[in-house]
Amino acid sequence: MMKRSAAADGRWHSRLLAKRGIASLVSVFMLSTVGAVAMTAGAEAAYAGQAPNNPAVCKTFDTDPTMVTTAYHTSPQLPCELGGKKVTWSAIAWSRNQYKTPFSTVTASGYTTDDTGAKTVVSIPVEVLPANVRYFIDSGTNGAETDEFKTVKVANPDLLNDKTDQVSADANTWGYVASDAVKVKGGTNADDKYDTGLYGPVVYRLPLKAGKYSLNAGFKGWWGNTGAVTQTVSVDGTQLATNSTNVGANANATAAKLDFTLDRDATVEYAVGGLGRVSWLTVADQYDLPKVYLAYGLEYNKTPTNDQADAYWRIVNAADAAVDRWNTWSNEHPDQAADPHYFTAYYNPGIPTAQTNPDYAMGGHGYAGWGPGTTGRIGWGAGRGFMVEGTALHEIGHLFGSGYYNYGNYCVGGVWKGPNGTAALKSFGTGETLSCGGVHMWPYGNNYATEWNGLNAADYETHMNRSVAMFNGMSRDAENPAPYFTVRTVGEATQYSDYDQTIRVAGQSNQGNPITVTLADGKLPAGVTLDPTDRAANGTPNGTDDRMYIHIKGRPTEAGTFKFTLKAANRNKPDDTAEYTLVVKPAAAPVNAVTVTGDAKIETGKTSQLTATVEPADAADTTVTWQSSNEDVATVDQNGLVTAKKAGTATITATSKAVPTVSGKLDITVSDPVTPPPSTTVDKTALQAKVDATPDAASKPKYTVGSWRGFAAARTKAQAVLDDGNATQIQVNQALTALTNAANRLRLR
């Protein structure tokens, strides 16, 4: 466990709260190994899992309160008893981090135990108030005192309104200005300050002394209404402050705080326009609160076992310390802080140590660890040694720092390449490298107790603050990732051969913030281009996912070594550049000519084998592609075999595949066959000549097996016709055609 004294703990919390101008908690919670026991100086131990019975923590009331108040980021004084029974309040009910929204109502939960040991869950609302509330008006209540108003009144005895709401009798009396246009919402629940209200437009008169004030107001889209609500503070027609907020259907929304200054005593007019409705409004001495960058809640059993109660206390103390440190650092370094996040803490004894569970919420991104309001879960196992601030920060670092999504993009070769995380580490001036692996990070990752166990108070503070700085940098890398070339080398190419090198660029790349990649310096070989238009390996088009794939592709026509620099940019800085060296190996001389030969005249229905001769003969690639200019007349396959379809003309072209600009052509004419007149004389002269002109059996080894087989069969058939004294002229002609075609198909080995 973390070795830190109670005095050091007290100094830490006092320093934290003093930064906010808020008094430190009186008590310092010390946790025993059996049951969480809370103690203060001079106070007796309370019940297991409960705060001590003294005014600094819980409070004894003459009558049971229906609501209590607390200051911003301060544990409330919860009643020690309700209904005559002692209350064991949940650990989270005491967490100062649950009370960070002024004029919000937080429900604190606990339980009482009867003589039989049966536990009954109890709860009480806690109103979070800034100091010196001047007005607390629950609009539309017609002056009926609500529990909330009475509670606020007790906490602020100098409240200027003596009832919840009223009509202003004259220009110097507080209340709303009555008119036919102003209506009181009916059917309200007085215990819900958002359910009461006026709709109008509404104008309130609020007499105030000279000073600086903050006005807050609450709105609700009753009856499903939505729209913008405007609010304006003015004096004698001079506007002092104004803003607007959007109200969703049936959803609560608090308007942005209005700060204004009165240089003299005056009656302020507060006007509500736009959607024109208000549920409640408050005026307090002007306050500026730190921004909440990290918040959390606790998932817990409301009637816990002793083991659960002890674990809850430890987890809350660990989470409070980590969250306070995160928020303090972020407010001190807003230019380096990550977007706000929220997590839920929970206890599961089955977890070996502690673990992170990101929420699956952001479509297409897998994990939702990025962006305002995104959430996750952090769980602790039974080991009490891990229920400390260091472990809490480590898991927060997993969830919102290195995270899961984008971890693979920026953890390259065991080193974190994200610019913000790297810059954070460099700022420490220690010369360390931000290492990563297995979804972890170090140094300052708090992976093990050895990273912080035994540090003195000053070194502990330095270590933990550096952890927060590093995690914020890594979170910014993941939330608004600047581009980064994850592939920084390219393979060799061969001259005149196809080349395609994929380069992945990590970082945010979508329609609103695309990555652009340009050639910043150097040159690519002729025939090779930078192509960012291809789809990613997973089929996702570039510009719709948080990554980009570009291609260095083409058919290089020059050999040599080419050095060039690529630049990747989006609106997230900094840009990234990567230097590449592409070696193109020389190949044989390129094709410079193609000649097509063969029969230029073909009869309909017949075929003719054409030949493409490529020069030079030793070119690296002598293959060609065939094409007919008129496939209605004649078609050609990729072996150069032409099939005559109908009478007409067509141009057959053979194009070099290696050098597509080089080709050869042959114009052919297709004609219908002429039927010869009938003849009783059988003329075998042409057939005999063809047989004599064709290779004999001795030539067989020169030709491919397939082509020779067809030719030998046709020659045997022709010889048989010659030897047949009864052969007709048709048989002779057919044998001649068959032999001619077979001879044309012969292929040398």
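The paragraphs below lead through this predicted model, from confidence to cores, strands, aromatic contacts and backbone exceptions.

Confidence comes first. The protein chain has a mean pLDDT of 82, and 84% of its residues reach 70 or more. Among the elements of the protein chain, the lowest mean pLDDT, 30, belongs to helix H1 (residues 6-19), while the highest, 97, belongs to strand S12 (residues 202-208). Over residues 360-373 the pLDDT stays under 50, although the model gives this stretch 40 contacts beyond four places in sequence. Residues 535-539 also have a pLDDT below 50, and for this stretch the model has six contacts beyond near neighbours in sequence. Where pLDDT is low, the predicted coordinates should not be read in detail.

The largest nonpolar core has 65 residues, of which Leu78, Trp89 and Phe343 touch the most other members. The element that gives the most to this core is helix H4 (residues 306-332), with 11 residues. When residues up to four places away in sequence are not counted, the residues that Leu78 touches include Val57, Phe61, Val68, Trp89, Trp94, Ile124 and Val126; Lys59 is also among the residues touched by Leu78.

In one of them, Tyr296 and Phe343 are stacked, with 5.4 Å from centre to centre and 15° between the planes. This pair links distant parts of the chain, 47 residues apart, with Tyr296 in strand S21 (residues 294-298) and Phe343 in strand S22 (residues 341-347). Tyr296 is buried, at a relative accessible area of 1%, and Phe343 is likewise buried at 1%; Phe343 is also one of the residues that touch the most other members of the largest nonpolar core. Phe564 and Tyr580 form a stacked pair as well, with a centre-to-centre distance of 5.6 Å and an angle of 20° between the planes. Here the link runs between Phe564 in strand S35 (residues 560-569) and Tyr580 in strand S36 (residues 576-585), 16 residues apart. Phe564 is buried, with a relative accessible area of 2%, and Tyr580 is buried with a value of 2%.

Beyond these pairs, Phe103, Phe136, Tyr194 and Trp280 form one aromatic cluster. The charged end of Lys193 sits over the ring of Trp280, 5.4 Å from its centre. Elsewhere, the charged end of Arg377 sits over the ring of Tyr346, at 4.3 Å from the ring centre.

Most residues other than glycine have a negative phi, and most peptide bonds are trans. Asn142, which is not a glycine, has a positive phi of about 55°; Asn142 lies in the loop between strand S8 (133-138) and helix H3 (147-155) and counts as exposed at 61% relative accessibility. Asp236, also not a glycine, has a positive phi of about 50° and is found in the loop between strand S14 (227-235) and strand S15 (238-247), where Asp236 counts as exposed because its relative accessibility is 65%. A cis peptide bond joins Trp442 and Pro443, with omega about 5°, and Pro443 lies in the loop between strand S28 (440-442) and helix H8 (457-479). The peptide bond from Glu615 to Pro616 is cis too, with omega near -5°, and Pro616 is located in the loop between strand S40 (611-615) and strand S41 (624-628).

Methods:
Residues are numbered from 1 along each chain as its sequence is written. This is a predicted model: local features need pLDDT of at least 70, side-chain atom pairs count only at pLDDT 80 or more; totals for chains, interfaces and linings use all residues. Side-chain values use heavy atoms; hydrogens and water are left out. pLDDT is the predictor's confidence in each residue, from 0 to 100. Helices (H or I, at least four residues) and strands (E, at least two) are DSSP runs, numbered from the N terminus. Contact means heavy atoms within 4.5 Å. A nonpolar core is a set of buried Ala, Val, Leu, Ile, Met, Phe, Trp, Tyr and Cys residues joined through side-chain atoms within 4.5 Å. Buried means under 20% relative accessible area, exposed over 50%, partly exposed in between (1.4 Å probe, protein chains only). Rings of Phe, Tyr and Trp (its six-membered ring) pair if their centres lie within 6.5 Å; planes under 30 degrees apart count as stacked, over 60 as edge-to-face and the rest as tilted. A charge sits over a ring if NZ of Lys or CZ of Arg is within 6 Å of the ring centre and within 35 degrees of the ring normal.
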